[in-house]
Amino acid sequence: MSRSLDMDSLVRSATFAAALGLFFLLILLPLASLNQYAVREGIGVFWDRLKNPDAVGALRLTALVALAATAVNAVIGTTMAFLLTRYRFPGRKVINALVDIPLAIPTVVTGFALLLMYGPLGPVGRFLGERNIQLMFSFPGLLLGHVFVTFPFMVRAVGAVLESIPRSGEDAARTLGAKEWQVFAFVTLPAVKEGIIAGAFLTFSRSLGEFGASIMVSGNLVGRTQTGPLYIFSRFNTGDVEGAAAIAILLALASFLILLLLQLVQSPTARRAV
Amino acid sequence: MKRLLVLAAVTLLAIPAAHAETIRINIASCCVTEDATTKEILPAFKKYFKEKFGKDVDVSASFAGSGTLKNQILGGAPVQVAVLSSELYLDQLKEKGLITSDWRKYPHKGAVIKSVIVFITRTGNPKGLATFEDLARPGMKVLHSSPDTSGGAQWAIFAIYGAGANFRNLTFGPEDGGVKLLSAVEKNVIAQPESARQTFVQFDAGFGDAIVTYENEALLEKSKGRDYSISVPRKTIETEWKVGRIDRNIRPEQEHAVNELIKFLYAAEAQRAYAKYGFRPVDKKVGKEFQAKYAKVADPFTVDDLGGWKSARKHVIESAWKKTQAR
């Protein structure tokens, strides 16, 4: 009996060590090497690279797009999650599956699809073009790309919370005479607050690292429409590995802090729900 | 029976021996040369090497933008021969000790192929774009790839600058005709994607009046049945791809094959293959054969007219072009 218990604990600690070891090797070590490159020429060079106006511009644009994409998806994604979990309608399963499509297709394809739709060849692009509205190669184009790529995160995070909370609260509100929008605004929305926060953090950090769609739709103009990841790529290609690593470290650190914050803000009740 | 056994044993021994005879080398080549290299040049080289020296050679090739290739080689990619779009990359490999030989001693100072910078326009060139000054007209929409990631874009920017510059008086200041023309054209640039290929994707989606790119890319896209027009400016730059021997990666048994491959790139057979895919051959005789394929440039110039690669990169791209990007 005690022997088998020993075996159990041995297996458990071996699995534990293996999992942590692999996590270290596959995930943490590559990030650590980045750090080594970033400060290879000294912290002064690292700081210098961060202060470069093109780098600052790229980081600012990245933060703005990520914020905007998060805001847009907070509204659309939450509504979508609400529809998918609270209503039964024909085609619901298909739409539910389609929600995850942005995760499955290469982001470069996303960018190309947007170019086709909003370009002079697409009906939408022609319609806008006749009114002198040019969405691609500017902030709105970039935002469209990021909203597309990060779309699933909010829907799934809010959806998970909605699935787990009983409808009795909503039903009670209805019984008391609340209108549908009141039920949504005063009962459902506060209940899924945690889901929205989780979705927002995930959306924001995914948006920080977006590359494939951005390079197609942004125009990649230095200091104007070049985001952080595009800046990193171009620095790397010009041979300025320190510059690339410095910005990369900053973005990785930002993502880490955001995700850590997410862990901290999730209250125990919410964690149970998710 | 005994003889049969001996024969079998000999055969068995011979098989690995024959395998060991195969020399393996790797070439890294600027992505625009991919079709010419894999479809024509490498198979022809293998055949040539086998016939002439009775040995098998196996050449693997990798293709990417020249800057990426250079970074991969710096990072330890086991490449013995590199064909790159900028001499600066070869210089950097030399500085880091990967190249110890002198590529300038090869024919044409290391250049194996040439091209020129042209415009691709919509069919029939509806906006009548014939010179770089035309690209500067208000309202024109121009595409070229990013000079940070694409060798072709660096040439494109040199071409624009050079078209407006006075070669006897390159000041690179705001009064320099080249800088003036460059800033005027850059105002009309709507996107600078990563590579020349991506500019075509955006052009195909309907964006832009013109792409500024290599003539060989333009010819290649046209040969695929794309419906564009090519406009060759009167005054434009001659571009070149140079070959370097990555000496530090060469083992003694590879050296012969490496030298033969470099020689072969200059041979008529390889030059013809490059020409077939739209490059301008450096070999004069092959050049004559393909004369009809290329438009004559009235007033061609080279990067040497701009003070050489090092100076041109520093003054035209890192200074003048960079300033045009700030708005």
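Modeller: First a definition: a nonpolar core is a set of buried Ala, Val, Leu, Ile, Met, Phe, Trp, Tyr and Cys residues joined through C-beta atoms within 7 Å. A residue is buried if 20 or more other C-beta atoms lie within 10 Å of its own, exposed if 12 or fewer, and partly exposed in between, with C-beta atoms placed from the backbone. This is a predicted model, in which local features need pLDDT of at least 70 and side-chain atom pairs count only at pLDDT 80 or more, while totals for chains, interfaces and linings use all residues. Residues are numbered from 1 along each chain as its sequence is written, and chains are lettered from A and ligands numbered from 1 in the order in which they are written.

Biologist: How many residues does the largest nonpolar core have?

Modeller: Val81(B), Phe158(B), Ile160(B), Tyr161(B) and Leu261(B) have the most contacts inside this core. Domain 1 (2–113 + 240–292) and domain 2 (115–239 + 294–325) of chain B both give residues to it, so it lies between them; the domain bounds come from an automatic or database domain assignment. The core has 148 residues.

Biologist: Which helix of chain A gives the most to this core?

Modeller: Helices (H or I, at least four residues) and strands (E, at least two) are DSSP runs, numbered from the N terminus. Chain A has 15 helices and zero strands. With 14 residues, the one that gives the most to the core is helix H8 (residues 139–164) of chain A.

Biologist: Is Arg206(A) buried or exposed?

Modeller: Arg206(A) is found in helix H11 (residues 193–208) of chain A. Leaving aside neighbours within four places in sequence, Arg206(A) is in contact (C-beta atoms, placed from the backbone, within 7 Å) with Thr150(A) and Phe153(A). Because 20 other C-beta atoms lie within 10 Å, Arg206(A) is buried.

Biologist: Which element of chain B gives the most to the side that touches chain A?

Modeller: 21 residues of chain B are in contact with 22 residues of chain A. The elements that give two or more residues to that side of chain B are helix H3 (66–74), strand S6 (189–191) and helix H8 (196–204) of chain B. With three residues, the one that gives the most is H3(B).

Biologist: How many residues of strand S4 of chain B are buried?

Modeller: Strand S4 (residues 111–122) of chain B has twelve residues and is largely enclosed by the rest of the structure. The reason is a count of buried residues in S4(B), which is eleven.

Biologist: Which residue is the bridge partner of Ile120(B) in S8(B)?

Modeller: S4(B) also pairs with strand S8 (residues 228–231) of chain B, in the antiparallel sense over four bridges. In S8(B), the partner of Ile120(B) is Ile230(B).

Biologist: Which residue in S7(B) stands opposite Thr121(B)?

Modeller: Strand S7 (residues 210–214) of chain B is joined to S4(B) by five bridges, and the two run antiparallel. The residue opposite Thr121(B) is Ala210(B).

How values were computed
Two residues are in contact if their C-beta atoms, placed from the backbone, lie within 7 Å. Two strands pair if DSSP finds at least two bridges between them.
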